[in-house]
Amino acid sequence: MVIISQDMINQFQNSLDSIDEPLKNTFENLHQGYPTEALVRFLKARDGNVAKAHKMLVDCLNWRIQNEIDNILSKPIITANFYRGVRDSQLIGMSGYTKEGRPVIAVGVGLSTYDKASIHYYVQSHIQINEYRDRIILPAATKKFERHISTCVKVLDMTGLKISQLSQLKLLTVISSIDDLNYPEKTDTYYIVNAPYIFSACWKVVRPLLQERTRKKVQVLSGCGRDELLKIMDYESLPHFCRRTGSGSGSSRHSRNSNGDDNCFSFDHGFHQELYKYINQQAGSCGSPVAPIKQQSFHVAFPEPDPDDEKIAQTIQSEFQKFRDQNGVDGKLEDLTINEDKDKK
C-alpha cells in the first residue's frame, strides 16, 4: 500500500492553485475545513499518483457543480409516505458510533428490493445520506470525541441475498461508482455479516479483483458478527440485525419487523427522522416549496462505471449464472430489469 508523503501533498496542493473559483467553493463543502485530509483521500484512491489524483478531484468538483450537489440537502423526497417507501426498499441507516467515534452505517444488502421508486430517487437518497454524513454527522463526531473523524465503518447485512437480486446490479454499480469517484476513502472498514452460501461462493472470485487497499478493509464475520463487533462498539451501537444471540445466520425478522426505535433502516428511526427534518428545514430556508403537488426526482448524472466496479459486476453476474445453472433455478438473467426511466409516485 502506497505511503502518502508530504511532497505528494504539496504537489497536489500546488496543482489546485489554478482551478476556477466555483471549483474552489465546492471544494470547501467537500473538505469541511480539512483540505489536507481530503487531498490525502484522493491521493490514496489513485495510489499516490498526483496527476491522476488531481484529475479525479477536478472531475469530482465538476460533477458536484453540474449536479448541484452542494444544494442536494435542500431537495426533499416527498411526500413523507413516498420517502418511507424508499427507506423500506433501500435499507441503510446509522446505528451509532464505534468506541473510536466513527459512525456505524448499516446496509441491508440482501433485503433491499429497490422496487418502490425509480433509480433516480435511490441515487438521490444515497447521495443525501453521504452529504449528511460528511457535513453534519462527521463534524459532530469530531466535536464530541475531540479528535478529527473523517471516516465511518459499514456493516453489510447479507441476509436474504438471492439470485434474483442480480436485477439490482445496475443500480448498485451506479451507486458504487458515485462513491468510488466522488467519496473515496470515506469508509474505514466493511464488516460482512449473515453471509449465506451464495455470498461465500461469489466472494472467493470477487476478492482477488479488489484493489489491495479495499481488500484489506473488508472483514467477513461469522454469523451476525455480534461478538466481533462488540470489540469495537458498545451494544447500543450494534445494528439491530447483529443483536441476535440464537443460532443460524438469518436475520430477516429483525431487519423487517423491528420497531422504528430499534431498526436503523426504518423511517421512524431517530437518524432518518433527523435527516428528513434537516432536509425539509434546508428546503424551507432556501425558499423552496416543501410540498409541491407533484415533484420529479432530483436527477443526478450517472458517472461512467469505474472499470474495476464493472469487472466485479460482470464477475458476480457470471458466478450467479453458474450458481443458477448448478441448482436448476428458472428464469433468464436478461429478464431481470430495474425501473430506471419512470418516476414512481
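Among contacts in the protein chain between residues at least 6 apart in sequence, 79% join residues at least 24 apart, where contact means heavy atoms within 4.5 Å. The structure is a predicted model, in which local features need pLDDT of at least 70, side-chain atom pairs count only at pLDDT 80 or more, and totals for chains, interfaces and linings use all residues. Residues are numbered from 1 along each chain as its sequence is written, and side-chain values use heavy atoms, with hydrogens and water left out.

The protein chain holds 13 helices and five strands; these are DSSP runs numbered from the N terminus, with helices (H or I) of at least four residues and strands (E) of at least two. Of its 345 residues, 51% are buried. Here buried means under 20% relative accessible area, exposed means over 50%, and partly exposed lies in between (1.4 Å probe, protein chains only).

Five strands form an open sheet with mixed pairing, in the order S1-S2-S3-S4-S5; two strands pair if DSSP finds at least two bridges between them. The edges are taken by S1 and strand S5 (218-220), each with a single partner strand, so one side of each has no neighbour in the sheet. From one strand to the next, the twist averages 25°.

Strand S4 (residues 187-193) runs parallel to S5, and three bridges join the two. The chain crosses from S3 through H7 to S4 in a right-handed β-α-β crossover, meaning that, with the strands pointing away from the viewer, the path from the first strand over the helix to the second runs clockwise. S4 is mostly covered, with five of its seven residues buried.

The next topic is the nonpolar cores. A nonpolar core is a set of buried Ala, Val, Leu, Ile, Met, Phe, Trp, Tyr and Cys residues joined through side-chain atoms within 4.5 Å. The largest has 48 residues, of which Val123, Ile127 and Val300 touch the most other members. Among the elements that give two or more residues to this core are strand S1 (92-97), strand S2 (103-108), strand S3 (152-157), helix H6 (119-145) and helix H7 (169-182). H6 provides the largest share, eight residues. Not counting residues up to four places away in sequence, isoleucine 127 touches Trp63, Ile69, Ile72, Ile178, Tyr183 and Val300. A second, separate core has 22 residues, including Ile19, Phe27, Phe42 and Leu57.

Valine 86 lies in helix H5. This residue is buried, with a relative accessible area of 0%. Leaving aside neighbours within four places in sequence, valine 86 is in contact with Ala117, Tyr122 and Ser125. Valine 86 and serine 125 are 39 residues apart in sequence, and their C-alpha atoms are 8.3 Å apart in space.

Helix packing can be followed from H2 onwards. Helix H2 (residues 21-31) and helix H4 (residues 50-66) pack at an angle of about 90°, with their axes 9 Å apart. Axes are lines fitted to C-alpha atoms, for helices over the stretch in contact, and angles run from 0 to 180 degrees between N-to-C directions. H2 is therefore roughly perpendicular to H4, on a scale where angles under 35 degrees count as roughly parallel, over 145 as roughly antiparallel, 65 to 115 as roughly perpendicular and the rest as oblique. Residues making the contact include Phe27 and Leu30 of H2 and Leu57 and Leu61 of H4.

The axes of H4 and H7 come within 9 Å and cross at roughly 120°, which makes H4 oblique to H7. Here Met56, Cys60 and Trp63 in H4 meet Ile178, Asp180, Leu181 and Asn182 in H7.

Helix H3 (residues 35-45) has Ala38, Leu39, Val40, Arg41, Phe42, Leu43 and Ala45 buried. The buried residues of H3 pack against helix H1 (6-15), H2, H4, H7 and helix H9 (212-215). Just after H3, aspartate 47 takes a positive phi of about 50°.
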